[in-house]
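This report covers a pocket, a surface patch and a set of salt bridges. Please keep the structure in view while reading.

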Amino acid sequence: MKSYDVIIVGAGPAGLKCAEVLAKNNKKVLVLEKNSIFGDKVCAGGLTIKDLELGIPDKVIQRKFKKIIVHTPLQNTEIKLDKPFLVTLDRKDLGKWMADNAKGQGAEIRLNSNVTKIDDKKIIVNNKHKIYYKYLVGADGANSIVRKYLGLENNNVLSAF
């Protein structure tokens, strides 16, 4: 039976960065992603100035915005900046880059690996594979199986107009 120091459920940006940092610090890390690709999300890939400090390379960034246009009933104002305040990127490209960084530090990443059950110190993947862990990280989003295992409520409310 395989055993890891840390199993991270979910290979989004949080899970992949967590894997990179833990692996860099000599932990045996496994990331499990239920999907067949990284970053296949409906949400846009917009990043702010603070996010740019993470060192995301230009090859991952698709578009940089250095100008803000404010429209009001009385006027239009254009503000030009020296540096980008916002960039957009493809979440799949970001996921691949982050996965490569985590793997480069020694983390193992498995796609098509749906966590179907969690027990104390053991998870079941795809209803058949047992994997043991010392620590478990839930980075698996709003419908988290890790949250359910821990008995934590989800009090998120979403309103859209």
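Helix H3 gives the most to the lining of the second largest pocket, with four residues. The model is predicted.

**The pocket**

The second largest pocket holds about 190 Å³ of space. Two elements give two or more residues each to its lining: helix H1 (13-24) and helix H3 (91-104). The lining residues include Pro 13, Lys 17 and Glu 20. Leu 47, Asp 51, Leu 54 and Ile 56 also line the pocket. Leu 94, Trp 97, Met 98 and Asn 101 are lining residues too. By class, seven lining residues are nonpolar, one is polar and three are charged.

**The surface patch**

Which residues form a nonpolar patch on the surface? They are Val 70, Ile 79 and Leu 81. Together these residues have about 200 Å² of accessible area. Val 70 sits in strand S5 (residues 67-71). Its relative accessible area is 35%, so Val 70 is partly exposed. That value also meets the patch cut-off of over 30%.

**Salt bridges**

How many salt bridges does a search of the whole structure find? The search finds nine.

| Asp 58 | Lys 64 | 3.0 Å |

Take the pair of Asp 58 and Lys 64. Asp 58 has 53% relative accessibility, so it counts as exposed. Lys 64 has 42%, so it counts as partly exposed.

Glu 78 is partly exposed because its relative accessible area is 41%. Lys 67 also counts as partly exposed, at 42% relative accessibility.

Is Lys 122 buried or exposed? Lys 122 is buried, with a relative accessible area of 18%. The cut-off for buried is under 20%. Asp 119 has a relative accessible area of 23%, so it is partly exposed.

One network remains to be named. Salt bridges with shared partners join Lys 67, Glu 78 and Lys 80.

Note on methods
Residues numbered from 1 in each chain as written. Predicted model: local features only at pLDDT ≥ 70, side-chain atom pairs only at ≥ 80, totals over all residues. Heavy atoms only, no water. 1 Å grid on protein atoms, 1.4 Å probe; cavity = no way out; pocket = protein on both sides within 12 Å on 5 of 7 lines; lining within 4 Å. Points joined across faces, edges and corners; volume = space filled by probe spheres on them. Nonpolar A, V, L, I, M, F, W, Y, C, P; charged D, E, K, R; others polar. Patch = residues over 30% accessible without salt bridge, like charges linked within 9 Å, V, L, I, M, F, W, Y side chains within 5 Å. Areas by Shrake-Rupley, 256 points an atom, 1.4 Å probe, with all protein chains shown as cover. Salt bridge = Lys/Arg side-chain N within 4 Å of Asp/Glu carboxyl O. Buried < 20%, exposed > 50% of the residue type's maximum accessible area, 1.4 Å probe, protein only.
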